[in-house]
Every structure is written in structure tokens, then in C-alpha cells.
Amino acid sequence: MNPKPSKRLNLSVQYACNRAGLPLRADFVRWARAALVGGGEVAIRLVEADEGQALNKEYRGKDYATNVLSFPYDSEPIVSGDLVICPAVVAAEAAEQNKPLAAHYAHLVVHGMLHLQGWDHDNDNDAEAMETEEKEILAAMGYPDPYAV
């Protein structure tokens with residue numbers, strides 16, 4: 001008989017950038033836990049644009065800083081991985097899209113956590129399923145549809 005997977009989330013947050021107004025660890029825990037099925041060991045690293053750009057170039061072949069990068073290591077028996085978030089990009093996107101900053105962070109953490117659990121958006125069907133899951137998780141926390149125009 002297999003033991004039930006842990007529901008525990010071990011989350012570390014690394015503030016590797018100097019920016020005012022970053023979410024608290026408790027915010028990241030709430031957002032990550034909302035998207036997690038089972039247990040997890042996850043690190044969230046907040047980085048300057050140059051580090052985000054270097055990682056995006058090295059791992060995705062794209063030479064620009066992006067909002068969130070997901071690095072899944074394992075999904076059984078618990079989710080294990082890293083999320084790298086670039087606050088400069090997050091803040092610029094939130095302002096450009098006229099979204100509350102906290103709502104955008106919540107969306108990106110949920111999005112990244114789903115990636116760590118094997119969700120993807122490589123084709124239209126997968127993208128639609130992932131977006132629906134994101135919207136449901138965010139709505140349960142009181143956040144608006146991140147894809148609403």
C-alpha cells in the first residue's frame with residue numbers, strides 16, 4: 001500500500017532583487033498553496049531583469065527577461081521545483097494591463113505552480129484547460145479573471 005502524499009508545502013522565497021513593494025512570503029505561500037495538489041517543496045526566487053534575461057536565454061533560448069520561469073524537478077510523490085519571477089517585468093505588465101500588482105503576482109505564481117505539476121499550454125486545448133484552471137483557482141481567492149480584456 002502506497003502512503004498518501006503529503007499536503008505540506010515547504011516554500012522558500014529568495015529576494016534576490018532590490019525593489020520596493022514586493023509581496024510578503026505569506027502571500028507567496030497562499031498563492032502557491034491554492035494551486036498545489038498534494039505536497040510540495042518549492043523555491044521562489046525574485047530576480048533583477050539581468051538574471052531573468054540570462055536564465056530565459058539559457059533555458060528557453062529567448063534573450064529577454066520574462067515574468068515567470070518554472071523549473072520542475074519532480075512531481076511524485078510531491079511537487080519539487082523552482083519558480084523564478086522578475087518583479088520589474090511583473091510590475092511593467094501589471095501597469096500596462098491595468099491590473100492590480102498583487103493580482104498579477106497571484107496569477108503568475110498560480111501559473112508557475114501549475115507548470116511544476118505538469119500543466120502546459122503548448123497547444124490550444126492545453127492552453128484552454130490551463131487557463132480555465134488558473135481562473136478557477138484565482139476566483140476562489142477573490143481575484144478577477146486574469147485573461148479578461
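Predicted model: local features only at pLDDT ≥ 70, side-chain atom pairs only at ≥ 80, totals over all residues.
Residues are numbered from 1 along each chain as its sequence is written, and side-chain values use heavy atoms, without hydrogens and water.

Helices (DSSP runs of H or I, at least four residues) and strands (runs of E, at least two) are numbered from the N terminus. The end C-alpha atoms of α4 are 23 Å apart, which agrees with the 22 Å that its 16 residues should span at 1.5 Å a residue; the expected span is 1.5 Å times one less than the number of residues. Just after α4, G118 has a positive phi of about 100 degrees.

A nonpolar core is a set of buried Ala, Val, Leu, Ile, Met, Phe, Trp, Tyr and Cys residues joined through side-chain atoms within 4.5 Å. The largest such core has 33 residues, of which F28, I44, I85 and M113 touch the most other members. Elements giving two or more residues to this core include β1 (9-16), β2 (40-47) and α4 (101-116). The most, nine residues, come from α4. A second, separate core of eight residues includes V47, V84, C86 and V89.

With a disulfide taken as a pair of cysteine sulfur atoms within 2.5 Å, the count is zero. C17 is in no disulfide, and its nearest cysteine sulfur, that of C86, is 7.5 Å away. C86 is buried, at 1% relative accessible area.

Key: Buried < 20%, exposed > 50% of the residue type's maximum accessible area, 1.4 Å probe, protein only.
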